[in-house]
Amino acid sequence: MSGFLLALRTSFGFLSTIPVGMSMEGLDELVKRSYLQTFAGIVLGAMIGIFAYLTESFLPSTISAVLIMVFIYYITGLNHLDGLGDFGDGATAHGSLEKKVNALKDLSLGIGGVSYTVLALIALYASISSLQAEVLFFSDNAALIVPISLLIAEISAKQAMLTLAAFGKPIHEGLGSMIINNTTFARYVVSFVLGALACVLAFGTLGIIGYISAIVTAFVILNISNRHFKGINGDCIGTANEIARIIVLMVLTVAITAVNNGYGGLFWMPL
């Protein structure tokens, strides 16, 4: 198998629960082609969007929102959510830098991690529910807006991870440091452009607004990580994925609300 195909397969093995297998050789090839993580985000986002379109078409909105959340974690796995929990333990730990880093790396889950995880899940549900409510007044293609927004959120979440990797410094050796050390600025730019094009084509101005909000979110998480841990690890990168997804959905909801309130002239949309 060529290096490209091995990297492509590994991108789905790394970012999803799709049983394609994963190896160190594949990871070596993947980190040389960061843009494939963004491509995987496009494919995963499309799968989530298709599922959302079906649930939105046939089920009550609250049930649809819950099932969308279930499918997100069914297809993308819980690794990044676990990273958010570890990040919460580290960020809320009191004491020295060593104590914070130890809490970040500890395999057990504390109250800080539980709180961060629960709040994130509540926020994800709230963002999907709020989006559902706003799109009813948005356009004749309202049934497509929730799926497209979820597509934008997934693409943006993956780019947020790469943003942390490109601009952060590792605090210890591991899979996270392997990604961080190999995500060069040039590779980051390629993935950034790919993600931006996908978001613009999917949702016009609103798509790029959501995408940029994920990048800003990543830099905020990077700043928090640097303050607490003097660097980042894989848990910080996973945190960027989870928080960016939520922020993008919230930002898109606010932008759609603005359109509904008569500010639609500020945006270009393909729908």
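**Exercise 1.** In which hand does α5 pass α7, left-handed or right-handed? Then classify the angle between the two helices.

*Solution.* The model is predicted. Start with the hand: the crossing of α5 with α7 is right-handed. Next, take the axes. Helix α5 (residues 79–92) and helix α7 (residues 111–135) come within 7 Å and cross at roughly 130 degrees. Angles over 145 degrees count as roughly antiparallel, and 65 to 115 as roughly perpendicular. The helices α5 and α7 are therefore oblique to each other.

**Exercise 2.** Which residues make the contact of α5 with α7, and how do they divide by class?

*Solution.* From α5, take Leu 81, Leu 84, Gly 85, Phe 87, Gly 88, Asp 89, Ala 91 and Thr 92. From α7, take Ile 111, Gly 112, Gly 113, Tyr 116, Thr 117, Ala 120 and Leu 121. Now sort by class: 8 nonpolar, 6 polar and 1 charged.

**Exercise 3.** The structure holds 9 aromatic pairs. Describe the pair of Phe 87 and Phe 229.

*Solution.* The ring centres are 5.9 Å apart, with 75 degrees between the planes. Planes over 60 degrees apart count as edge-to-face, and this pair of Phe 87 and Phe 229 is edge-to-face. Locate the partners: Phe 87 is in helix α5 and Phe 229 in helix α10 (residues 185–229), 142 residues apart. Phe 87 is buried at 4% relative accessible area, and Phe 229 is buried at 2%.

Notes. Residues are numbered from 1 along each chain as its sequence is written. This is a predicted model: local features need pLDDT of at least 70, side-chain atom pairs count only at pLDDT 80 or more; totals for chains, interfaces and linings use all residues. Side-chain values use heavy atoms; hydrogens and water are left out. Axes are lines fitted to C-alpha atoms, for helices over the stretch in contact, and angles run from 0 to 180 degrees between N-to-C directions. Helices (H or I, at least four residues) and strands (E, at least two) are DSSP runs, numbered from the N terminus. Angles under 35 degrees count as roughly parallel, over 145 as roughly antiparallel, 65 to 115 as roughly perpendicular and the rest as oblique. A crossing is left-handed if the near helix is turned anticlockwise from the far one by less than a right angle, and right-handed if clockwise. Contact means heavy atoms within 4.5 Å. Ala, Val, Leu, Ile, Met, Phe, Trp, Tyr, Cys and Pro count as nonpolar, Asp, Glu, Lys and Arg as charged, and the others, Gly among them, as polar. Rings of Phe, Tyr and Trp (its six-membered ring) pair if their centres lie within 6.5 Å; planes under 30 degrees apart count as stacked, over 60 as edge-to-face and the rest as tilted. Buried means under 20% relative accessible area, exposed over 50%, partly exposed in between (1.4 Å probe, protein chains only).
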